[in-house]
Amino acid sequence: MLFSDGQSRLSRRYGTLAAVAVLLAAFLQIAWPARPARAVIATDHATFWNTVLLDTYRQLTGGAATPTRMSRAGAMVHIAIYDAANSVLCARRAADCLGQPYVVKVAGGGDFNTAVDYAAYTVLTDLYPAFASFFQGKLTEAQDGITASPQQAAGRSVGEQAARAMLQSRAGDGSDAPMSYTFDGVPGAFQQIGASPPVTPQWGAVRPFAMTSGSQFRPEVPADATTYSELLTSAEYTAQFDEVRRLGSRTSTERTADQTRAAFFWANDSEGTYKPPGQLFSHTQTIAAAQNVPAESKVKLYAQVALALADAAILAWDTKYNTPVDLWRPVTAINQADIDGNPDTDRENWEPLGRATPNFPAFVSGHATFAYTWAMVMRHWFGRDNIRFTGGTDDPDAVVKTRTFASFTAAADGNAHSRLWLGVHWHFDADSVLNPGNELGEFTVDNTLYYNTSATELLYQHRDGVTNPSTVCNNTGRQLSNEHRWEFWRCAVSGSSFDLFVR
């Protein structure tokens with residue numbers, strides 16, 4: 001019997017993950033443990049409820065339709081799904097656990113799909129009671145084809161318990177605190193856009209899902225400024241003022257046609273769209289389907305993405321409101337350049353390409369924070385960056401509804417810099433959050449939904465009649481490590497058969 005060495009620890013750093021990417025070419029040969037029985041719905045249940053979540057986002061209005069509150073809701077839904085699904089899988093077999101629980105591991109087992117359904121339904125109904133009938137209809141749809149049985153009843157109980165634990169864990173997290181704001185009232189300071197109050201100014205103080213605090217990855221103010229005057233009179237601000245004036249104008253002759261298409265593709269600022277978090281969830285669905293991510297694994301992928309997006313909102317809003325500079329938007333700055341104290345900026349009647357400038361400070365970009373954080377999570381999960389995908393948009397002004405990207409990083413960069421071309425952000429609003437977003441994505445993966453542990457090796461999988469059994473076995477082990485299911489693996493290969501052990 002030949003033993004192939006898969007025991008070495010896979011680094012949690014992206015550079016090391018990329019180094020093993022070439023071995024994933026045989027990923028489609030991987031045989032996973034038996035899947036739960038499919039019901040009538042056309043997709044797996046985690047994806048089904050992610051789609052329900054996006055449909056809910058599209059129906060939200062007013063204070064509920066903010067990327068901050070929407071990202072929190074997404075995390076709560078998908079963490080509850082994760083804890084419910086993980087509970088069922090752990091009861092089935094210790095080797096099948098998805099990882100450490102986030103809030104709770106419910107004993108007893110039950111039907112996997114039913115646990116997922118009731119976890120999502122219970123959280124969504126609590127968060128959005130006005131849509132209870134919509135969620136009830138979706139629950140009925142999801143449960144169609146699942147026969148009433150003790151297993152189904154047990155799965156419902158697990159899902160409901162996981163959901164209640166999730167809801168309880170977020171009680172008092174600061175999301176319901178009064179959201180008042182006092183304007184600084186000086187040149188350079190954010191000024192209200194439209195008639196509504198600024199969006200969720202205290203969100204940076206909301207208790208994070210993974211970070212130790214909202215300020216953990218807070219970037220420095222551009223030009224190392226500590227006052228508005230220092231920033232407005234800096235060479236960096238002067239150059240970026242001119243850049244957005246030229247490229248972000250509604251009547252720009254310098255912005256390229258593709259930059260215009262990108263600006264609208266990534267916008268999703270208006271009500272009726274799934275907003276920035278929803279677009280990244282949608283892209284995650286697309287990529288997971290194209291890469292043949294198994295249904296059980298999707299549960300954890302969505303949860304990791306949701307956790308990261310929720311904390312990305314907290315990071316961005318902490319920086320927007322809690323640094324020395326709550327920076328004004330380009331539309332305000334250019335139309336009031338005569339009061340900024342900078343002799344190299346000129347006032348003009350100027351309109352951005354975007355129809356609506358968001359009503360919160362410019363620095364930093366929420367889109368960019370979401371995008372860079374998301375890209376890091378995806379690179380970790382798949383062990384490489386260069387996965388090509390085509391994503392869509394909800395934005396009503398996007399004439400071309402799809403764009404194709406060569407990598408997660410390319411998508412994130414396009415998302416971040418599209419805000420300059422839309423005329424609603426400065427260039428440093430995106431660039432300043434590149435490293436913090438990457439750091440947050442990595443921190444989230446490394447510190448939540450962590451690896452399973454076992455004092456002894458567990459048999460995860462046995463297969464016979466396999467072509468290239470060592471490659472297939474080690475690819476499976478590496479993917480389990482990428483997913484933070486099992487940190488160590490070992491392959492025992494004999495002829496065309498292998499045993500994959502994990503611990």
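Are Phe 382 and Phe 408 buried or exposed? Both are buried.

## Model and confidence

This is a predicted model. The chain has a mean pLDDT of 93. Of its residues, 92% reach 70 or more. Residues 1–39 have a pLDDT below 50. In the model, this stretch still has 113 contacts beyond near neighbours in sequence.

## Aromatic pairs

The whole structure holds 25 aromatic pairs. One of them joins Phe 382 and Phe 408. Their ring centres lie 6.0 Å apart. The planes meet at 35°, so the pair is tilted. Stacked pairs need planes under 30 degrees apart, and edge-to-face pairs need over 60.

This pair links distant parts of the chain. Phe 382 belongs to helix α13 (residues 366–382). Phe 408 belongs to helix α14 (residues 408–422).

Trp 426 and Phe 428 make another pair, with ring centres 6.5 Å apart. Their planes stand at 35°, so this pair is tilted. Both Trp 426 and Phe 428 are buried.

## One aromatic cluster

Phe 382 and Phe 408 also belong to one aromatic cluster.

## Charges over rings

Which residue lies over the face of Phe 209? Arg 170 does, at 3.7 Å from the ring centre. Over the face of Trp 317 lies Lys 320, at 5.2 Å from the ring centre.

Terms used: Residues numbered from 1 in each chain as written. Predicted model: local features only at pLDDT ≥ 70, side-chain atom pairs only at ≥ 80, totals over all residues. Heavy atoms only, no water. Helix = DSSP H or I, 4+ residues; strand = E, 2+ residues; numbered from the N terminus. Buried < 20%, exposed > 50% of the residue type's maximum accessible area, 1.4 Å probe, protein only. Lys NZ or Arg CZ within 6 Å of the ring centre and 35° of its normal. pLDDT = per-residue confidence, 0-100. Contact = heavy atoms within 4.5 Å.
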